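Here is a friendly walk through one model, going from a single residue out to the sheets, cores and a pocket. Keep the structure open beside the text as you read.

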Amino acid sequence: MNTEIKKGTALAHLTDHVPTAKTSDTVEQVLRHLRTQLWATVSYIYIVDALNKLVGAVELRRLLSAENDSSMASLMEKNLVVAHPHYDLEHVGILAIDHNLTSVPVVTTGDWLFLGVIPAAQLIRILHDEHTDDFLRLSGVQRGHPVVDIFKTPIRRLVRLRMPWLLVGLM
């Protein structure tokens, strides 16, 4: 895949260290596979086909309550909300909130090749950063001079960035 990684996109913030399974796998096989390593996130088991295309997902709590001989095909949710690699981070955060997702799967556009997921901790970080960025831009501080953390930025710089807006406000 020849996808350029841009900083503010979904591709730049995903992890591919998540559990996957095939539709024919049983609950018992998947549980054995889960125990083999320490995963970045395990809120869902992502079901992929032989070509690594995302076909569904099974919530961990549903997997744990299922019979050992049940197949992933019988447990999986097929109507998935996904992000594509080029999606803006704010769009990914809105997807997660609107659909009550704890992690957002990222697939290629068109053929749905599974690339990984953006986990909950990363989603929270994204939403916080986007909110801070919007707040600072609306207050006139963020104009070509990014301020990532307002509490760690020197007062002198904040005053210099904010002064033009304060003067306009006084007029």
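A96 sits in helix 4; helices (H or I, at least four residues) and strands (E, at least two) are DSSP runs, numbered from the N terminus. This is a predicted model, in which local features need pLDDT of at least 70 and side-chain atom pairs count only at pLDDT 80 or more, while totals for chains, interfaces and linings use all residues. Residues are numbered from 1 along each chain as its sequence is written, and side-chain values use heavy atoms, with hydrogens and water left out.

With a relative accessible area of 6%, A96 is buried (buried means under 20% relative accessible area, exposed over 50%, partly exposed in between, with a 1.4 Å probe and protein chains only). Leaving aside neighbours within four places in sequence, A96 is in contact with L101, V104 and L123, where contact means heavy atoms within 4.5 Å. From A96 to V82 the C-alpha to C-alpha distance is 9.4 Å, and the two are 14 residues apart in sequence.

## T9, ahead of the strands

T9 belongs to the segment before strand 1. Its relative accessible area is 9%, so T9 counts as buried. Not counting residues up to four places away in sequence, T9 touches P85, H86, Y87 and L89.

## The open sheet and the hairpin

Three strands make up an open sheet with the order 1-2-3 and mixed pairing; two strands pair if DSSP finds at least two bridges between them. Its edge strands, strand 1 (20-21) and strand 3, each pair on one side only. Strand 1 pairs with strand 2 in the parallel sense over 2 bridges, and A21 stands opposite I47 in strand 2.

Elsewhere, strand 4 and strand 5 run antiparallel and are joined by 4 bridges, with P105 opposite V117 in strand 5. These two strands form a hairpin with 6 residues between them, and G110 in the turn has a positive phi of about 95°. Because 5 of the 5 residues of strand 5 are buried, this strand is largely enclosed by the rest of the structure.

## Two nonpolar cores

A nonpolar core is a set of buried Ala, Val, Leu, Ile, Met, Phe, Trp, Tyr and Cys residues joined through side-chain atoms within 4.5 Å. The largest one has 26 residues, of which Y46, L54, A83, V92, V104, F114 and I118 touch the most other members. Strand 2, strand 3, helix 4 (89-98), strand 4 (104-107), strand 5 (114-118) and helix 5 (120-138) each give two or more residues to this core. A second, separate core of 14 residues includes V30, L31, V58 and L63.

What does I118 touch? Not counting residues up to four places away in sequence, I118 touches A10, H13, L14, V92, S103, V104, V106, L123 and I126.

## The second largest pocket

The second largest pocket holds about 280 Å³ of space. Here a pocket is an open set of points on a 1 Å grid over the protein atoms alone, where a 1.4 Å probe fits, with protein on both sides within 12 Å along at least five of seven lines; lining residues have an atom within 4 Å of a point. Grid points are joined across faces, edges and corners, and the volume is the space filled by probe spheres set on the points.

Of the 16 lining residues, Y44, E59, E77, L80 and L101 are the closest to the centre of this pocket. Strand 2 (44-48) and strand 3 (54-59) each supply at least two residues of the lining, and strand 3 gives the most, with 3 residues.
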